[in-house]
There are 2 protein chains.
Amino acid sequence: MGNEKMMKEREKFLQKAQSLIPELLYEEKTPRCYWMQRGETAKEQKLYCCLKQEELGKGDRILFDFGHNCPAYFQFGLKKTGSPQDAPAFLYFRFCETEREFLEESGEDSGWISRGWIQEEWLHIDELPCTAEMSRRYAFRYVLITVLDTSKKYKISFENVLRKEVSCVDGEAMISALPKCGDSMLHKIREVSIRTLANCMQTVFEDGPKRDRRLWLGDLMLQALVNYETFQKNDLVKRCLYLFAGLCNPEDGMIPACVFEKPVPLMDDSFLLDYSLFFIPVLVEYYRRTGDLETVEELSETAFRQVTIAMKFTENFLIREEGISLQGEKYFCFVDWKEGLDKQCSMQGILLYAVRYGVELCEILGQKEMAEKYGEMQKGLEAAAVKTFWDQKKKVFFSGRQHQISIASQVWMILAGLVQGKEAKELLLRVKDCPMIMVTPYMHHFYVMALLRAGEKEEALKHVKEYWGGMIRAGADTFWELYNPMNEKESPYGSYSVNSYCHAWSCTPVYLLKYLEE
Amino acid sequence: MGNEKMMKEREKFLQKAQSLIPELLYEEKTPRCYWMQRGETAKEQKLYCCLKQEELGKGDRILFDFGHNCPAYFQFGLKKTGSPQDAPAFLYFRFCETEREFLEESGEDSGWISRGWIQEEWLHIDELPCTAEMSRRYAFRYVLITVLDTSKKYKISFENVLRKEVSCVDGEAMISALPKCGDSMLHKIREVSIRTLANCMQTVFEDGPKRDRRLWLGDLMLQALVNYETFQKNDLVKRCLYLFAGLCNPEDGMIPACVFEKPVPLMDDSFLLDYSLFFIPVLVEYYRRTGDLETVEELSETAFRQVTIAMKFTENFLIREEGISLQGEKYFCFVDWKEGLDKQCSMQGILLYAVRYGVELCEILGQKEMAEKYGEMQKGLEAAAVKTFWDQKKKVFFSGRQHQISIASQVWMILAGLVQGKEAKELLLRVKDCPMIMVTPYMHHFYVMALLRAGEKEEALKHVKEYWGGMIRAGADTFWELYNPMNEKESPYGSYSVNSYCHAWSCTPVYLLKYLEE
């Protein structure tokens with residue numbers, strides 16, 4: 001496709017995306033309760049619960065608890081007692097999704113990721129009394145405020161503290177309307193799933209309202225599925241599809257792994273081979289739910305192009321290891337945050353998974369010739385996968401030159417349709433205690449889907465209750481970016497205070513449970 | 001005077017004060033130059049001067065130098081280079097009047113005074129490029145910015161950096177128009193005097209544009225004198241007179257040492273016996289310069305009341321020690337920041353000084369009877385002063401039970417008119433090396449005035465050049481709140497980074513020089 005044509009198309013797609021920006025809903029909520037610490041030794045003291053507002057001076061701390069994690073704007077009134085205000089009041093704020101962020105972490109350590117992500121502010125207030133609306137959006141359940149100083153002549157106290165919760169859907173209303181469930185853990189899992197998704201639904205499907213607050217294609221794939229079962233805000237999926245299509249790489253038409261909305265819609269320079277391919281399942285699932293043929297027709301060329309690009313990284317239908325697993329390459333792939341995971345086999349599975357959706361896309365469009373071409377491609381990829389990755393002796397799929405055995409490899413081969421039924425069940429059983437585990441709820445979602453394909457409904461339900469339930473038992477009111485029951489402090493960033501504790505890709509149980517409880 | 005009548009009068013005076021709020025002038029200025037430090041080891045590295053803007057990443061520091069100290073609002077543009085902005089930019093700002101504030105001080109130590117006064121901010125910038133106007137007013141020559149973080153994927157650089165200087169007069173224009181002076185130090189002293197005053201001229205005569213930014217009566221007395229010789233913005237003096245009169249203590253009519261403008265005009269609960277009395281010289285000098293009889297008539301009752309209140313603290317015309325020098329008393333007096341200074345004798349002198357102005361006030365008003373009463377009071381105070389404080393043997397005035405000898409005591413007895421001419425000259429000579437020195441430019445002003453009264457023009461000029469010139473030699477472009485050549489780190493607050501480096505009460509040389517060079 002000529003570059004000029006693509007540039008025009010990008011523009012058209014972007015305009016369509018921008019015409020679909022949803023209206024945001026705001027709801028004001030007061031804190032459920034608050035806690036205090038006194039004076040210079042505040043850090044060593046335990047917080048104590050207060051019924052009545054007390055005056056605050058230098059070194060005192062106050063913690064407002066809003067009951068659950070939510071993206072919101074923070075507002076407060078501040079008044080003074082004592083003499084006239086003879087110096088600015090000076091306050092330090094930390095907005096925390098979880099207790100651990102203020103109990104265990106210094107706030108100064110953000111690992112290799114930008115410290116800018118730590119939700120903290122320093123504020124001077126020159127004139128009291130005042131009403132302050134903090135201008136940035138935070139994701140938080142708790143606000144911990146340290147009074148760095150007032151003066152010897154006056155103290156302060158808070159009043160009219162509230163947060164303005166923001167989303168394009170009303171998650172709490174849907175949670176309230178949930179039918180009672182005999183299993184209280186399952187009820188809780190549904191509640192937390194819905195809240196996690198609602199928190200991430202802003203003017204795009206964000207990955208996490210604390211960090212990175214951006215639209216990622218891998219996250220979108222799962223969010224869209226959950227959305228169909230819950231809010232059915234299908235135009236937001238449509239907007240995101242058009243955003244990705246409108247922000248494809250002008251050089252080769254590849255869809256970036258993530259896009260930015262501000263200051264203007266912008267493609268990221270991160271490209272992930274697996275994420276780009278997911279454009280096809282997202283588009284096909286969108287069609288299945290909406291029947292919106294016009295969108296599918298407009299975006300199909302962009303979709304097919306992702307397969308064409310990915311196929312360049314294959315040889316005789318086998319994904320080349322160096323094409324996807326080396327960080328030096330322009331395009332690598334994600335699969336999971338598990339350190340040391342070899343991704344060649346998973347990537348073969350994902351390509352096959354996308355191509356199978358591609359066949360369906362051809363059928364939707366009535367493109368017979370294309371469908372045949374995709375059918376051939378599918379067969380070629382399947383044959384190469386079995387030939388290359390199947391260990392006849394161990395009866396598992398391996399990955400890469402080191403013949404690494406991982407859960408991810410089996411999962412993707414099953415989801416790609418290479419193994420089915422009883423065989424799939426036995427395959428998953430065989431790697432159950434494999435050390436190359438999964439660490440993200442994102443990969444765990446695919447694992448549960450694979451169990452379902454293998455007919456293992458009971459095992460799948462058990463896994464949802466164990467894994468997502470584990471986060472709830474650890475105090476989660478929204479599901480996390482990363483959860484490894486064996487290492488609660490695990491972080492891909494070197495510091496778990498920048499982990500996102502409300503993360504899109506972990507919102508799927510409410511979708512999964514629909515199939516597990518049928 | 002009945003309380004109701006006083007409340008009505010306060011209101012009337014306040015309205016008049018508020019009708020005189022001057023318009024502020026704003027002028028945009030770009031930095032004269034800037035300096036940089038690189039990376040993690042920035043603190044150990046020397047700043048180096050840059051000709052071309054360089055990109056900044058984590059740990060880098062940049063210093064903008066605006067050439068001289070001034071109250072202003074800071075603005076900047078910030079742009080990014082590299083990949084799209086995948087994390088907030090996080091910056092730390094320090095606004096400094098002098099080099100020492102960032103070279104020698106940690107910024108966290110503010111002594112016993114509120115840390116809120118340290119001019120520092122932490123800023124997250126979510127969206128680049130941006131133009132930011134920081135909302136608070138700072139007093140600064142230097143802005144030191146530390147990049148706390150960007151991310152691994154982008155860097156930042158500044159553009160369109162400027163400050164919007166603010167004052168109700170144009171000090172720099174007056175400085176430019178100063179006639180050339182053969183003595184370059186005297187020229188510099190005039191320049192710095194004018195700038196110091198201009199910086200403090202906002203919607204009131206502030207004491208210091210960095211800290212406390214408030215109208216103090218002792219400072220006003222000196223500022224008004226300098227104003228008559230320079231900007232002649234006499235309505236601002238009038239506004240301040242009405243503000244003080246309108247904010248006298250409703251209980252007894254005493255004028256507070258300082259008042260607040262925000263959130264509404266408000267009296268401070270600090271009362272200083274010496275400051276209250278200074279209302280009379282301020283009013284009389286205002287009349288001398290303006291001939292505004294209406295104002296004098298309206299405010300004379302308030303003025304006389306300050307003497308009546310002060311006289312309650314005397315016995316047989318002698319100021320009682322416990323009335324003025326004990327911190328536990330409601331009213332004490334200031335005189336100087338010199339630690340350990342006994343203030344009884346100075347206070348007697350100040351009361352006498354005010355009463356002599358009171359006699360003049362009676363004459364202006366044509367109140368013969370009142371003038372006689374004040375004449376009697378003057379004689380009584382003089383007799384008590386000589387009888388109580390004069391050491392016949394040492395031929396100096398002493399103060400308090402410990403018979404402390406200080407420069408301040410001699411100065412105020414001379415300014416009160418108790419000693420004159422040659423006697424005054426010998427008296428000042430006698431205490432020249434007295435250890436109970438003066439530490440504020442405020443007290444040094446009165447010392448120079450005393451030298452003038454003693455006919456010691458040459459010595460007075462020498463003192464101005466030595467003392468105020470000492471600050472200039474130490475790098476001052478505005479005169480300081482406190483300067484002790486023997487101890488450059490002296491601070492009344494326990495940390496000299498909260499000392500004010502542009503302070504109203506030190507702006508007097510341009511006034512003094514008028515009499516010294518005649």
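What rotation, and what shift along its axis, superposes chain A on chain B? In this predicted model, a rotation of 180° with 0.0 Å of shift along its axis brings chain A onto chain B, with an RMSD of 0.1 Å. That is the relation of a two-fold axis. Among the residues of chain A, the one that comes closest to this axis is Trp122(A), whose C-alpha lies at 3.0 Å.

The confidence values of the prediction may be stated before the details. The predictor assigns the complex an ipTM of 0.95 and a pTM of 0.95. For chain A the mean pLDDT is 93, and 94% of the residues reach 70 or more. Where pLDDT is low, the predicted coordinates should not be read in detail.

The description now turns to the contact between the chains. Here 28 residues of chain A are in contact with 28 residues of chain B. On the side of chain A that touches chain B, the elements giving two or more residues are β5 (89–96), β6 (120–125) and β8 (138–149) of chain A. The largest share, 3 residues, comes from β6(A). Sorted by class, this side of chain A holds 11 nonpolar, 6 polar and 11 charged residues. Of the interface residues of chain A, 100% are also interface residues in chain B, so the copies meet through the same surface.

Chain A can next be considered as a whole. Its secondary structure comprises 17 helices and 16 strands. The radius of gyration of chain A is 25 Å, close to the 24 Å that the globule rule gives for 518 residues, so the chain is as compact as a globular protein of that length. Along the principal axes, the C-alpha atoms of chain A fill a box of roughly 85 × 50 × 45 Å. Buried residues account for 49% of the 518 residues in chain A. Of the contacts in chain A with a separation of 6 or more, 75% are between residues 24 or more positions apart.

Strand pairing may be followed in chain B. Strand β9 (residues 154–167) of chain B is joined by 5 bridges to strand β1 (residues 25–29) of chain B, and the two run antiparallel. Within this pairing, Lys29(B) stands opposite Arg163(B) in β9(B). Strand β9(B) is also joined by 10 bridges to strand β4 (residues 61–82) of chain B, again in an antiparallel arrangement. Gly77(B) has Glu159(B) in β9(B) as its bridge partner.

Elsewhere in the description of chain B, 3 strands form an open sheet in the order β10-β11-β12, with antiparallel pairing. Its edge strands are β10 (215–216) and β12 (266–267) of chain B, each of which pairs on one side only. Strand β11 (residues 258–260) of chain B is linked to β12(B) by 2 bridges, and the bridge partner of Val259(B) in β12(B) is Met267(B).

Ile364(B) belongs to helix α11 (residues 344–365) of chain B. Ile364(B) and Met377(B) are 13 residues apart in sequence, and their C-alpha atoms are 18 Å apart in space.

Definitions and conventions: Residues are numbered from 1 along each chain as its sequence is written. Chains are lettered from A and ligands numbered from 1 in the order in which they are written. This is a predicted model: local features need pLDDT of at least 70, side-chain atom pairs count only at pLDDT 80 or more; totals for chains, interfaces and linings use all residues. pLDDT is the predictor's confidence in each residue, from 0 to 100. Copies are superposed by least squares on the C-alpha atoms of residues with pLDDT of at least 70 in both. Two residues are in contact if their C-beta atoms, placed from the backbone, lie within 7 Å. Helices (H or I, at least four residues) and strands (E, at least two) are DSSP runs, numbered from the N terminus. The radius of gyration is taken over C-alpha atoms; the globule rule is 2.2 Å times the number of residues to the power 0.38. A residue is buried if 20 or more other C-beta atoms lie within 10 Å of its own, exposed if 12 or fewer, and partly exposed in between; C-beta atoms are placed from the backbone. Ala, Val, Leu, Ile, Met, Phe, Trp, Tyr, Cys and Pro count as nonpolar, Asp, Glu, Lys and Arg as charged, and the others, Gly among them, as polar. Two strands pair if DSSP finds at least two bridges between them.
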